[in-house]
Amino acid sequence: MKIHILLIQFLSLILSQFCHAAFLKIELTPIDVSSTSSATFSTLPTANPSLFGLTGTDIRSVNFDTDPSTNSLSSGSILTNQYSSIGVTMNSVQLSSSVFGGAASSPNATFTSTTGSSQIFNFSVPVVAIGVINTSPDKDTVQLWSGQNASGSLLGTFIDQDGLSLNFNIDRFVGGRVTGGDLIGSVAFTNASGDIELDELIFEVTTIPEISNIALFFGIALIVLVVRKKHKLLIRF
Ligand SMILES: [Ca+2]
Ligand SMILES: [Ca+2]
Ligand SMILES: [Ca+2]
C-alpha cells in the first residue's frame with residue numbers, strides 16, 4: 001500500500017510539473033535570429049515562424065498588407081474584423097504605409113500615436129503563443145490576457161528593452177508563450193512614448209488538449225503499474 005501512495009505522489013509531482021501554468025516572454029532582435037541587418041529582420045515571422053519560436057502545426061499570420069482572401073489593405077484602413085476568419089480581431093487599429101523606418105513587410109504596419117493607448121488583438125481560437133514585430137520599439141508594454149479586450153487574468157507582461165538603453169531604430173519581435181493549459185484571449189500593446197507601429201503578427205493555435213492528454217497518459221501509466229503490482233502480489237501469495 002505504501003508503494004502505491006508513493007507512486008501516486010511521484011506521478012502527481014511529475015504531472016504538476018507538466019501542468020504548471022507559466023508565461024515565457026519572447027523578445028528577439030534581428031541579430032538573435034541571424035538576420036543580415038542588425039536593425040531589421042531579413043527573414044520575416046510570417047515566412048518562418050519557427051525561427052521566432054512558434055513551432056506548432058497551426059500557425060496563423062497577419063501581415064497587415066493583405067486580408068485572408070489576399071485583397072490588398074490600404075494605408076489608413078481601420079482594422080476590426082478583417083482577419084476574423086483566421087481567428088483574430090482588432091480594436092480599431094489603424095494601418096499606415098509611412099511608419100518610422102518603414103514597415104517590416106511592405107507596405108503597411110499598424111500605427112498609433114497616442115501615448116498610453118493600446119492596440120489590442122482578440123483571439124477566437126485557442127492560442128498558446130503570439131509574437132509581432134515592434135518596428136519602432138521604445139519600451140512599449142506587452143500584455144497577454146486570458147480574456148478578450150485585455151480582460152480576465154493577466155498571463156504575462158513586460159516592456160521591450162527592459163533594463164537596456166533605449167534604441168527605437170532596432171526592430172524587436174515581442175510576444176510570449178503560455179503553458180500549463182492557459183490560453184491567450186487577447187494581447188495588448190500599449191504605447192509608452194512616440195508611436196507604436198507593429199507588423200508581422202503570428203500566433204500559434206493549439207491543436208491538442210494538452211493537459212487532458214498528459215493526464216490521460218499518466219493515468220493509464222498509473223493504472224498499468226498498479227495492476228502489474230497487484231498481479232505480482234497475487235502470484236507471490
Ligand atoms: Ca506589413
Ligand atoms: Ca524600424
Ligand atoms: Ca512607442
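1. Ile130 stands opposite Phe203 in S12. On the other strand, S10, Ile130 faces Gly176. The model is predicted: local features need pLDDT of at least 70, side-chain atom pairs count only at pLDDT 80 or more, and totals for chains, interfaces and linings use all residues. Residues are numbered from 1 along each chain as its sequence is written, with chains lettered from A and ligands numbered from 1 in the order in which they are written.

2. These contacts belong to two strand pairings (strands pair if DSSP finds at least two bridges between them; strands are DSSP runs of E, at least two residues, numbered from the N terminus). S7 pairs with S12 (residues 198-205) in the antiparallel sense over six bridges. S10 (residues 172-179) is likewise antiparallel to S7, with six bridges.

3. Phe121 is another residue of S7 with two partners. Val187 in S11 is its bridge partner, and Met90 also stands opposite Phe121. The S7 to S11 (residues 184-190) pairing is antiparallel with six bridges, while S4 (residues 88-90) joins S7 antiparallel over three bridges.

4. Two bridges connect S5 to S3 (residues 78-79) in antiparallel fashion, with Leu79 opposite Val93. Three bridges connect S5 to S6 (residues 109-111), also antiparallel; there, Leu95 has Thr110 as its bridge partner.

Conventions:
Helices (H or I, at least four residues) and strands (E, at least two) are DSSP runs, numbered from the N terminus.
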